[in-house]
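Let's take a friendly walk through this model, starting where two chains meet. Have a look at it first, then read on.

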Amino acid sequence: MSVLPSTRIYEGTRIPQPVPTILEVDPEKHRLEDILRVNFGPNHPSTHGVLRLVVDLDGETVAGIRAVIGYLHTGFEKNMEHKSWWKSVTYAPRIDYVSFHANELLYVLAIEKLLGIEVPRRATWTRMAMAELNRIHSHLVWLGTSALELGAISLFWYCFDDRDQILDLFEMAGGTRMHTRYVQVGGIAEDLPPDFTSEARKFCESMPKSVDEYEAILDRNAIWLERTQGVGLLSSDDALALAQSGPMLRSTGVDWDLRRDMPYLAYDEVEFDVPVYCGGDVYDRYRVHMDEMRESVRIVRQCLDRLDEMDGEPWIADDRKVVLPPRHELHTSMESLIHHFKIVTEGFRVPAGEVYVAIESPRGENGCYLVSDGGARPWRVKFRAPSFAALQATATIVQGLLIADLIAAGGSLDPVMGDADR
Amino acid sequence: MTAYASVPGVVETRESFGETTLVVDPARLVEACTALRDEHGFNFLSDIAAADYLGWGEQEVAGYIGTNAGRDIHVPGSQGLARVPPPKPKRFSVSYHLLRVNDDPARLRVQVWLDDGESVASVLPVWPAADWFEREAFDMMGIRFEGHANLMRILMPEDWEGHPLRKDYPLGGEPVRFSDED
Amino acid sequence: MAKGGTELAVRKQLPVVSGRPLAKAGLQSERVLWPDRGPGVFEREVEEIEDALLLTTVEKAVAWAQSNSMWPDTFGLACCAIEMMSIVSSRYDIARFGMERFSSSPRQADLLIVSGRVTHKMAPPLRQVYDQMLEPKWVIAMGACASSGGMFNNYTILQGVDKIVPVDIHVPGCPPRPEALMEGIVRLHEKIRGGVPPAYEIRGVAE
């Protein structure tokens, strides 16, 4: 659980002054007449979404950069303030749409913290299995699209094929491929189907072999190594100062993972390692992602074993003030009918207070600051988006890079614009 | 609670739901944050969240609140009666969520309270990560941060008027037609 | 169910919905799932238009060429973009329809699949990209957010991308399954081969 000593990736700090997120052209290094301002507009071939980079180029070298976001600002937080607690959960997965389960889980954990409700262990372990499957899904999308941008186009098809298998599992449990809204306040919406664990086990057998395949394609590929090693350097001090988390932070040598250091769900009951690398470049971030995929498969296997033991247990809490009663009771019990009516029409109420809950999403620390006034709707929901923080590091990591390296570095930040803009 | 007694500028300390909140005087915010970063080891600024409490407590909350924890038959007024949450000191709160990334991890919330039009010092010198978080708080809530070198709108278009997440800003959108009338 | 549908189509056990070439080839879009139902509203309307327009052989050939090799533009915005990427992947292969060449440059693209929520800040770039495309050009509004604003009826989301660009096909869903998007694309192809002009000729383009 220790933090590795700060590694000497570079001396001092490279965070630009006075504004940490704007790299100004240095008149000593570049002649100002040579500078060409190019707009990597919101619509561009890189599949990271609507990120706009205003880049000052001296030939092919990046002399200045400024990231402009907001092209996908959806007003989630304002919309969620106008919906009941039940309905507002539907908005959450669409924020970070690649790791959708992480967002749902985060928001529901925050509500449950305010409520003080106890979640049955079958639901906790299911949520954990889904969260790790979602982590693999997110890393596969990252790998597929990053490799596509750097020219390793075939990896796109390999990764997305595996991703379809994960989405089949999500569809089996939650009914739809993405945005399953499977997490419910008090547990999970419905019990896992009977053959879920066997199908998931088959996936767990094939996934490590797929990761081996990807590494075989990339790890000794001279072009990949040339394009990713030494590119996009970020030291551990700068990473912490810029609030980087997740693979960005772990690639700089800081051994920090919320699942292990501040555990939530049942992460303290599973065994997994946290990959940490000390190079601070794109190659190390790639290695962190690959190793995390393997560790996630390990966690999923352990969750599936425990879920098999818990077969038949309740999957949602029993508190009828918050959770809908089972439908067969509505025919016989008056109290259940009234509870059902109250929950469906007005919605349940959450005690007044404020909480901040953070989980380790595939991108880093995803946090939710939730304020309730005791009513049927949230008062204020703020999501701490890991991509928002990651994009702040753009100006620091692109110093001295060429345009082609800019693409690699920008991809390694793993930004999802829905997350950054909310 | 006494662990943070040495932090300058702390007006109040609250513990709830397992979290510690230090309410700090806005004039001494940078001092407090520097002390927390240097002496207490909070090297990671997780989030800066602004909240607008206009209209807080005007809607009474009737009926059962949430779970068993909200109902105590021995506490009068916790079942079935209208309850109003305790009022807030000022209209806006800005919460700085801090994290200590080392062998003794801890979370902390530093909170300042502001009225409409009041500004607070920027913590950019303490944590460079505050850059975009403060811009977002300005964009969404209209809170000005003194000393921020680039306080521009970040999520809304640059010529947008109004601050969307304020409670007096309408949700917007269009009325939805459901039937087949023209 | 989808697996059974393709098997039936492969074995050509589907009732022939109409005498049109597309229907004989088995392309009946949603009728694949309900083989005992007759042509749907869409098929009937396209047939009526085809009869009314009386395309010449040359025009039919041009329409066949246009629909068989339509190049989409990479306009992935949000969650629907992830499902759009998955139709490029090997399971829902869009290359069968000749559409695997996603063009980042709008000048070389025929089809603009607006996949995701469009904010007011993003609307001018969207319009600019649409204007840069060369005619003939088609627009698919993929998903609920592009069609109508989706679940986000608020200050920042454009309530339907057809406010700024003329849309040919709206694909519902949040996000639409890759099969749903493919049905939308297939219907677009049927419209083109039937002779229906692109939306900017029918609806006009807002300035």
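In contact terms (heavy atoms within 4.5 Å), 14 residues of chain B meet eight residues of chain C.

One salt bridge is found across this interface; the term stands for a side-chain nitrogen of Lys or Arg within 4 Å of a carboxyl oxygen of Asp or Glu. Lys163(C) and Glu174(B) form a salt bridge through their side chains, at 3.1 Å from N to O. On the side of chain B that touches chain C there are 11 nonpolar, two polar and one charged residues; Gly counts as polar in this scheme.

## A buried aspartate

Which loop holds Asp281(A)? Asp281(A) sits between α10 (258-261) and α11 (282-309) of chain A. Asp281(A) counts as buried because its relative accessibility is 8%, and buried means under 20% relative accessible area, exposed over 50%, partly exposed in between (1.4 Å probe, protein chains only). Leaving out residues up to four places away in sequence, Asp281(A) touches residues including Thr228(A), Gly230(A) and Leu233(A).

## About the model

This is a predicted model: local features need pLDDT of at least 70, side-chain atom pairs count only at pLDDT 80 or more, and totals for chains, interfaces and linings use all residues. Residues are numbered from 1 along each chain as its sequence is written, chains are lettered from A and ligands numbered from 1 in the order in which they are written, and side-chain values use heavy atoms, leaving out hydrogens and water.

Terms used
Helices (H or I, at least four residues) and strands (E, at least two) are DSSP runs, numbered from the N terminus.
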